[in-house]
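Reader: I have a structure open and want to go through it with you. Can we start with the side chains and then move to the wider picture?

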Amino acid sequence: MMTGAKKKRSTVWRKIQAVRLEDIKAWCMRRLPILEWVPVYNWKENLVPDTVSGMMLAIQQVTQGLAFAVLSSVHPVFGLYGSFFPVIIYAIFGMGRHVATGTFALTSLISANAVERLVPSVRTNFTANNNSGILGLSEFEMQRIGVAAAVSFLGGIIQVAMFTLQLGSATFLLTEPVISAMTTGAATHVVTSQVKYLLGMKVPYMSGPLAFFHIYAYVFENIRTVQLEALLLSLLSIVVLVLVKELNEKFHRNIKVVLPIDLLLIIATSIACYCADMEYVYGIEVVGNIPKGLPSPKAPPMSVLPEVVTEAFGVALVGYVASLALAQGSAKKFKYTVDDNQEFLAHGLSNMIPSFFFCIPSAAAMGRTALLYSTGAKTQVACLISCVLILVVIYTIGPLLYWLPMCVLASIIVVGLKGMLMQFRDLKKYWNMDKIDWSIWVSTYVFTICFAANVGLLYGVVCTIVIMIFRFPRLLMICCTDFSLYIDYRAKILNLKNMKEVEYKYKAEDNCESLKQVKIVSVNSPLVFLNARKFHADLLKIIQKDGMNSQCEQNTLLCSFSNGSCHGELVQSCHSERRVLILDCSGLNFFDYTGVSVLLQIYMDCKNRYIDCSSVCFIAASLIKAMQYGGNLDSENPIFFESISSAIDAIQIH
């Protein structure tokens with residue numbers, strides 16, 4: 001026995017000794033992405049745009065931090081902390097260079113369920129200046145943030161555990177219709193939670209099944225208690241916010257710096273509230289005392305962890321799903337990669353570590369990320385610069401926000417959710433592309449409204465899988481096999497001068513050949529959410545194979561339709577050489593919204609030159625219609641054709 005134990009120890013020691021410095025360096029680079037982009041940061045070209053973006057981001061972080069803290073049922077100052085600490089952690093561990101993490105409406109709403117359940121509200125304002133607790137806040141407020149921090153801490157642990165189990169690859173189960181419906185339903189819940197501030201009413205906290213309807217029933221029963229001053233101020237704030245944001249969006253190409261209307265509105269209403277003494281004259285609720293400085297670290301109350309498990313899972317899943325979508329979108333737009341599992345680690349640590357500094361749950365937000373896009377941010381340096389400015393607010397400007405009306409904060413929250421609420425417009429697209437996906441969207445939204453965001457998300461995933469099993473019972477077995485079942489790797493590289501399979505007229509020009517090679521790839525399997533991601537990855541490998549990754553000057557997408565088959569053809573002009581990829585979809589007998597979205601993504605990648613060569617795919621009559629409904633297929637050259645030969649003739653012409 002001793003000999004065996006010694007051998008095991010010796011084997012372990014040899015493995016430890018076999019670890020090279022290069023392996024350690026590679027691991028650090030993989031788990032600390034900041035080490036990858038900081039050494040190559042171009043200070044001369046990127047610092048100015050990152051600084052401008054950071055300044056604009058800081059304004060939005062402050063306003064949203066205050067608003068989402070109120071949404072989380074904690075003191076507004078904790079939203080400022082939540083806009084500072086998680087941003088630093090994500091900049092170190094996150095891979096999304098244009099992702100702005102921080103406070104988030106959906107995670108705040110979920111954590112509010114635990115806060116209101118465990119520490120019921122005894123008053124609905126923050127004006128009490130009780131110095132008996134930490135930071136000069138009351139014991140009641142510290143108990144509330146303790147629960148919210150516990151939700152953040154446990155949610156972070158769950159995300160880190162998912163990273164350890166490498167569950168990032170399971171995100172393919174979260175289809176776009178499910179995510180869209182869940183976020184839209186959650187945004188509707190957020191708007192509902194702000195009704196009491198918009199109307200200046202005293203509405204008791206309600207949770208549980210059908211609480212959404214109970215809130216509105218209570219509001220209509222007590223409509224006479226509406227505070228007209230608060231209602232008018234809310235309406236004015238919403239009109240100003242919507243109008244200026246629309247103008248900013250319309251003229252963003254003509255102006256380098258957008259008008260920070262959120263900040264200007266906060267300053268203007270705070271001054272007006274102070275001068276008119278609205279808190280006492282009209283009874284308008286204000287934010288109240290904002291403590292100065294950062295808090296000393298303190299562990300969240302571990303005793304409440306068993307009681308916040310449900311909310312922690314909701315924060316972990318909902319926050320990760322929303323953040324990953326933004327990270328993948330920015331990676332695609334700016335041509336870099338994002339590791340799904342690394343994002344689990346980044347967001348897990350962004351929730352765990354800041355929970356020791358009284359932070360509410362965090363995630364990436366669509367509005368802040370879009371702001372980084374529009375202001376020309378290059379890296380996470382923009383987010384770190386915003387942290388510096390937020391620190392200035394925490395230490396100097398914070399106390400001046402005492403007179404900020406709560407109805408104005410509520411207006412900022414509601415207007416900020418416009419993007420999520422506008423996802424209702426996608427219903428027409430889902431109906432035209434796949435009525436099953438439409439029904440999943442509607443039912444997921446209804447479940448989210450009737451219960452909660454995490455329940456709606458779970459229902460959507462389960463519903464999608466169950467419907468797929470009954471809709472195509474053999475698909476799950478197919479998806480577990482090699483992707484050669486989907487893509488026919490017997491595809492040939494054909495020189496058109498010797499090609500006899502297709503009739504065409506070919507005439508070489510003096511300076512270059514009008515067409516040199518055709519690569520044919522056949523798709524012989526359903527294309528749905530279960531295999532769409534792998535299809536995309538493997539197709540890109542085929543595109544980049546055999547020297548098709550050279551610099552391109554022209555992209556043209558061509559699709560052929562013949563007897564229910566699809567042939568997508570893409571032309572590139574590389575010096576004196578043009579190549580075409582024909583994607584034969586005659587075997588594509590079944591697809592859903594996610595499958596069509598992948599085909600559209602391939603087309604857009606080629607059109608916008610996000611991939612190194614021209615390529616593309618498609619068809620079948622129903623697929624043509626679905627793709628036309630799903631995206632903008634505008635092209636200078638023809639797109640759809642009846643046969644391969646007609647497509648090749650058109651390629652030579654154009």
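Reader: Glu-116 and Arg-144 first: buried or exposed?

Author: Both Glu-116 and Arg-144 are buried. Keep in mind that this is a predicted model.

Reader: What do the side chains of Glu-116 and Arg-144 meet in?

Author: They meet in a salt bridge, with an N to O distance of 2.8 Å. Glu-116 sits in helix H7 (residues 105-118) and Arg-144 in helix H8 (residues 139-164), so the pair ties together parts that are 28 residues apart in sequence.

Reader: How many salt bridges does a search of the whole structure find?

Author: Five. One of them joins the side chains of Glu-311 and Arg-117, at 2.6 Å from N to O. Because Glu-311 belongs to helix H15 (residues 309-334) and Arg-117 to helix H7, that pair ties together parts 194 residues apart in sequence.

Reader: And Glu-311, buried or exposed?

Author: Glu-311 is buried, at a relative accessible area of 7%.

Reader: Which residue does Asp-262 form a salt bridge with?

Author: With Lys-245; the closest N and O atoms are 3.4 Å apart. Asp-262 is in helix H13 (residues 261-276) and Lys-245 in helix H12 (residues 228-250), so this pair ties together parts 17 residues apart in sequence. Asp-262 counts as buried at 8% relative accessibility, while Lys-245 is partly exposed at 29%.

Reader: Changing topic. What does the pLDDT of the protein chain average?

Author: The average is 77, and 72% of the residues score at least 70. Over residues 123-130 the pLDDT is below 50, and that stretch has 28 contacts in the model beyond near neighbours in sequence. Residues 547-576 also have a pLDDT below 50, with 147 contacts of that kind in the model.

Reader: What should I do with the coordinates where pLDDT is low?

Author: Where pLDDT is low, the predicted coordinates should not be read in detail.

Reader: Is Cys-275 buried or exposed?

Author: Cys-275 is exposed, with a relative accessible area of 61%. Cys-383 counts as buried, at 1% relative accessibility.

Reader: Now the surface. Which residues make the nonpolar patch?

Author: A nonpolar surface patch of about 490 Å² is made by Leu-458, Val-462, Val-466, Ile-469 and Phe-470. Ile-469 is found in helix H23 (residues 453-471) and counts as partly exposed at 35% relative accessibility.

Reader: How many helices and strands?

Author: There are 28 helices and nine strands in the protein chain. Among the contacts with a separation of 6 or more, 81% come from residues 24 or more positions apart.

Reader: Backbone next. What is phi of Leu-210 near?

Author: It is near 65 degrees, a positive value in a residue other than glycine. Most residues other than glycine have a negative phi. Leu-210 is in the loop between helix H10 (195-199) and helix H11 (211-221). At 39% relative accessibility, Leu-210 counts as partly exposed.

Reader: And where does Asp-277 lie?

Author: Asp-277 lies in the loop between H13 and helix H14 (278-281). Asp-277 has a positive phi of about 50 degrees, although it is not a glycine. Its relative accessible area is 29%, which is partly exposed.

Notes: Residues numbered from 1 in each chain as written. Predicted model: local features only at pLDDT ≥ 70, side-chain atom pairs only at ≥ 80, totals over all residues. Heavy atoms only, no water. Salt bridge = Lys/Arg side-chain N within 4 Å of Asp/Glu carboxyl O. Helix = DSSP H or I, 4+ residues; strand = E, 2+ residues; numbered from the N terminus. Buried < 20%, exposed > 50% of the residue type's maximum accessible area, 1.4 Å probe, protein only. pLDDT = per-residue confidence, 0-100. Contact = heavy atoms within 4.5 Å. Patch = residues over 30% accessible without salt bridge, like charges linked within 9 Å, V, L, I, M, F, W, Y side chains within 5 Å. Areas by Shrake-Rupley, 256 points an atom, 1.4 Å probe, with all protein chains shown as cover.
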